[in-house]
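Dear colleague,

I am passing on the structure we spoke about, and below it I have set out what came of going through it. Please read the notes with the coordinates open beside them.

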Amino acid sequence: MNGGRDWIVVSSGSDEYAAPYLEALAAGGLPSESLHLMTPDRRDELPVFAARAAGLVLCGGLDVDPVRYGEEIIPEADVELFPERDAVEWSLLEAAREARIPVWGVCRGVQVLNVFLGGSLWQDLPLQQPSSVDHGVYEPKDAIAHSARVVDGATGLGTILAREAPRLNSRHHQAIRRLGAGLVPVAESPDGVLEAVELADPEWWVRAVQWHPENLVADPQQRALWEDFARAARRREE
């Protein structure tokens with residue numbers, strides 16, 4: 001182990017919401033005893049979580065506060081905030097960046113990561129960027145909403161997604177608008193919404209997607225995303 005770093009920290013809004021992420025991580029090869037859930041009501045334990053992390057997973061959930069990317073909430077936008085969670089995840093990302101801990105972001109996770117690195121979001125896609133592509137298919141969780149196009153197959157994430165045309169579930173009303181520093185686009189939906197990004201930093205493994213692969217682990221390509229993170233976290237433990 002590397003200085004006692006043997007936890008996979010899973011950041012979520014609640015224990016219940018985190019359940020499919022924990023199952024996907026287990027399917028990706030991480031032992032259940034290594035998975036430690038961080039929620040805002042556990043924020044007093046944040047220093048311990050940060051010190052023990054060998055990997056960080058940012059789960060889906062409510063919206064990032066637009067103040068963090070220099071905007072006020074658009075009155076007509078359907079924005080739901082959870083500022084306590086924003087604060088926790090900023091602290092976790094700061095610790096991860098300092099120690100070069102692998103980060104894997106899903107849905108809200110890609111948005112948090114992007115804003116943390118100085119990017120911005122569309123506050124409400126249907127309002128600001130109307131499209132014929134449906135990004136809000138909420139049930140069933142594994143319903144395929146649309147395809148994606150890999151725009152950079154040379155990246156680590158792109159290598160996985162380029163194996164076959166990705167088919168994605170989708171339930172989000174926000175998305176990346178301006179990319180954060182160092183992030184490169186890996187895949188996009190047919191209407192140009194960014195679906196996957198990766199940090200161009202060989203010293204810090206950071207990858208994130210806009211869809212919900214935790215609901216698609218029966219698909220080998222989607223399960224490979226979780227296995228990819230598991231390998232990165234195990235290397236960090238060594």
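Predicted model: local features only at pLDDT ≥ 70, side-chain atom pairs only at ≥ 80, totals over all residues.

Turning to the overall fold, the protein contains 7 helices and 12 strands. Its radius of gyration is 16 Å, close to the 18 Å that the globule rule gives for 238 residues, so the protein is as compact as a globular protein of that length. Along the principal axes, the C-alpha atoms fill a box of roughly 50 × 40 × 35 Å. Of the contacts with a separation of 6 or more, 74% join residues 24 or more positions apart.

The largest nonpolar core has 34 residues, among which Ile-8, Trp-104 and Phe-229 touch the most other members. Several elements each supply at least two residues of this core, including strand S1 (7-11), helix H1 (15-27), strand S4 (103-106) and helix H7 (220-237), and H7 gives the most, with 7 residues. Leaving aside residues up to four places away in sequence, Phe-229 touches, among others, Ile-8, Leu-25, Leu-56, Val-103, Trp-104 and Trp-205. There is also a second, separate core of 33 residues, which includes Leu-46, Ala-99, Val-110 and Leu-199.

With best regards

Methods. Residues numbered from 1 in each chain as written. Heavy atoms only, no water. Helix = DSSP H or I, 4+ residues; strand = E, 2+ residues; numbered from the N terminus. Rg over C-alpha atoms; globule rule 2.2 N^0.38 Å. Contact = heavy atoms within 4.5 Å. Core = buried A, V, L, I, M, F, W, Y, C linked by side-chain atoms within 4.5 Å. Buried < 20%, exposed > 50% of the residue type's maximum accessible area, 1.4 Å probe, protein only.
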